[in-house]
Amino acid sequence: MSQDWTSARGRTAIGRVALSVPARQALADGQLRPERTVLDYGCGRGDDIRSLQSLDCCVEGWDPYFRPDSRPTKSHVVLLTYVLNVIEDPEERLQTLQHAWQLASTLLVVSARLTWESSKVQGREYGDGLLTSRRTFQHLFAAAELRRYVEEATGARVIAAAPGVVYAFKDEAARLSYLAYKVVPDAEWLMSADTASALDSLVDYAQQRGRLPRIEEMPRKTAELLAHLKPADLRRLTLQGADPGLIAAGAKRTTLNTLLYLAVELFNGRGPFGNLPVSVQQDIRSFFSSYKEACRRSDRLLLKLRDDQYVRGAMHASLAGKLTPTALYVHRRALEQIPTVLRLYEHCASIAAGRPAEWTVAKLRHQGRAVSWLDYPRFDQDPHPRISSSYGVDLQTLEAKHVSYSDATNRPLLHRKHEFLEPNDPAAPRYRRLTEAEVRAGLYQNPQLIGTENGWEVELARCGRQLRGHRLVRRPGNT
Ligand SMILES: C[S@@+](CC[C@H](N)C(=O)[O-])C[C@H]1O[C@@H](n2cnc3c(N)ncnc32)[C@H](O)[C@@H]1O
């Protein structure tokens with residue numbers, strides 16, 4: 001096979017010291033479980049295989065250059081990691097993807113290098129990509145192109161798990177449970193050592209979720225400790241121990257989360273009730289008159305996302321986040337506190353383009369539909385955090401854009417940090433005090449200047465102030 005290649009594909013495989021980004025993503029998303037077999041298709045030098053084996057994954061690999069003698073076998077999960085972008089023949093590229101898809105019984109994880117890396121790849125034009133001086137080929141994908149390409153080749157509903165990493169599920173139940181994991185994380189269970197602590201954990205669950213769990217939703221240890229109690233007794237004891245106000249708040253939260261989940265599911269393709277994860281089925285039975293009613297309400301929610309006035313109203317009503325003339329900016333810690341329609345907005349963008357691993361603030365535009373994830377790595381340490389990168393997607397065109405500020409000399413920075421958070425965030429009072437001191441010192445008198453590092457320094461000097469941590473102090477020589 002390798003004789004037919006017109007590029008030196010073997011040279012594209014690097015030695016890895018750590019697990020690749022796509023394999024790490026799939027691991028973090030709970031997709032590489034011990035009971036699932038994994039095939040690394042186009043595994044290169046095999047470093048991901050070794051790392052995953054050391055994590056007790058049942059993984060094998062195949063590569064036409066490095067392991068031509070093994071045979072790729074059908075597996076639950078197939079990883080196709082940075083393979084498509086090195087194949088110079090478009091027909092073979094498509095066949096490779098389709099073959100990988102045939103080999104997967106649950107999930108295919110496809111990753112490719114993205115166009116935002118184009119400054120790192122030099123070469124002459126060749127076919128639909130570039131041939132480098134080492135005779136390696138690269139077709140860099142736009143994020144939307146990768147998702148569409150995999151969708152068309154597999155016929156599956158594709159989810160962007162991260163920029164440049166997409167999931168095509170063959171198993172519908174696995175897709176729906178992945179969406180649930182992303183949208184409505186399971187309630188946390190307290191540890192149970194005896195019947196009394198198992199009951200405490202049940203009370204805690206009921207207060208978080210607004211309902212009692214079914215036995216199959218409990219951790220095994222808790223279920224074993226409570227198995228001797230009749231369901232009616234279990235119910236009575238739990239309700240006796242729980243705070244009714246917290247149960248009601250839990251029920252409201254779960255109802256909204258279920259609507260959010262079903263709306264996200266509609267955005268990615270709705271499945272039958274029986275394929276939903278057991279916990280979501282149970283939430284629907286507990287808080288809606290029927291699945292049909294739940295779907296009708298969630299469809300309305302998705303429709304509201306198109307309504308500018310409604311979205312703007314939700315942004316005004318949001319207790320968390322900073323509203324500007326163009327967008328709502330919300331800190332990662334506050335994202336679950338914003339109105340459900342806005343959470344849906346962010347989730348739809350994430351499914352379309354993949355939420356990056358590193359981000360601090362989500363920006364939701366109120367004109368048009370576009371979401372960006374902005375990274376301020378020192379948000380909590382720096383009184384005026386500097387941006388390091390932004391990645392965003394326009395939901396109308398599905399075009400994604402990445403901007404790195406690592407070489408920028410005059411980076412944008414943030415003010416009034418508490419506004420990005422929810423009012424109850426433990427850090428908010430300290431940030432608010434700093435803002436008030438800055439306002440009193442006259443530092444916000446020229447808003448057009450203070451948005452970038454240089455302008456902010458000029459204003460600090462003009463007002464005779466400097467920052468010491470989150471305290472504003474006079475500059476030496478200014479009394
Ligand atoms: C950039 S490397 C990636 C290797 C590995 N997946 C990793 O991420 O470390 C691309 C690999 O794709 C393999 N490859 C090339 N053509 C292929 C094809 N038609 N089917 C499967 N793998 C192929 C190459 O041999 C090379 O090892």
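1. Let's start with a strand pair: β5 and strand β6 (residues 129-131) run antiparallel to each other and are joined over three bridges. Strands count as paired if DSSP finds at least two bridges between them. Within this pair, Glu125 has Leu130 of β6 as its bridge partner. Helices (H or I, at least four residues) and strands (E, at least two) are DSSP runs, numbered from the N terminus.

2. Before going on, please keep in mind that this is a predicted model, in which local features need pLDDT of at least 70, side-chain atom pairs count only at pLDDT 80 or more, and totals for chains, interfaces and linings use all residues. Residues are numbered from 1 along each chain as its sequence is written.

3. The pair belongs to an open sheet of three strands, ordered β5-β6-β7, with antiparallel pairing. Its edge strands, β5 (124-126) and β7 (137-138), each pair on one side only.

4. Another open sheet has six strands in the order β2-β1-β3-β4-β9-β8, and here the pairing is mixed. At the edges you will find β2 (58-62) and β8 (158-162), each pairing on one side only. From one strand to the next, the twist averages 20 degrees. Angles run from 0 to 180 degrees between N-to-C directions, and axes are lines fitted to C-alpha atoms, for helices over the stretch in contact.

5. Look next at β8 and strand β9 (residues 165-169), which pair in the antiparallel sense over four bridges. Ile159 stands opposite Tyr167 in β9. Helix α5 (residues 172-183) packs on the sheet, where it touches β4 (104-111) and β9, and its direction makes about 135 degrees with that of β9. Contact here requires C-beta atoms, placed from the backbone, within 7 Å.

6. Now for two helices: the axes of α9 (residues 244-268) and α10 (residues 278-287) come within 10 Å and cross at roughly 120 degrees. That makes α9 oblique to α10 (under 35 degrees is roughly parallel, over 145 roughly antiparallel, 65 to 115 roughly perpendicular, and the rest oblique). Ala251, Thr254, Thr255, Thr258 and Tyr261 of α9 meet Val280, Asp283, Ile284 and Phe287 of α10.

Methods. Contact = placed C-beta atoms within 7 Å.
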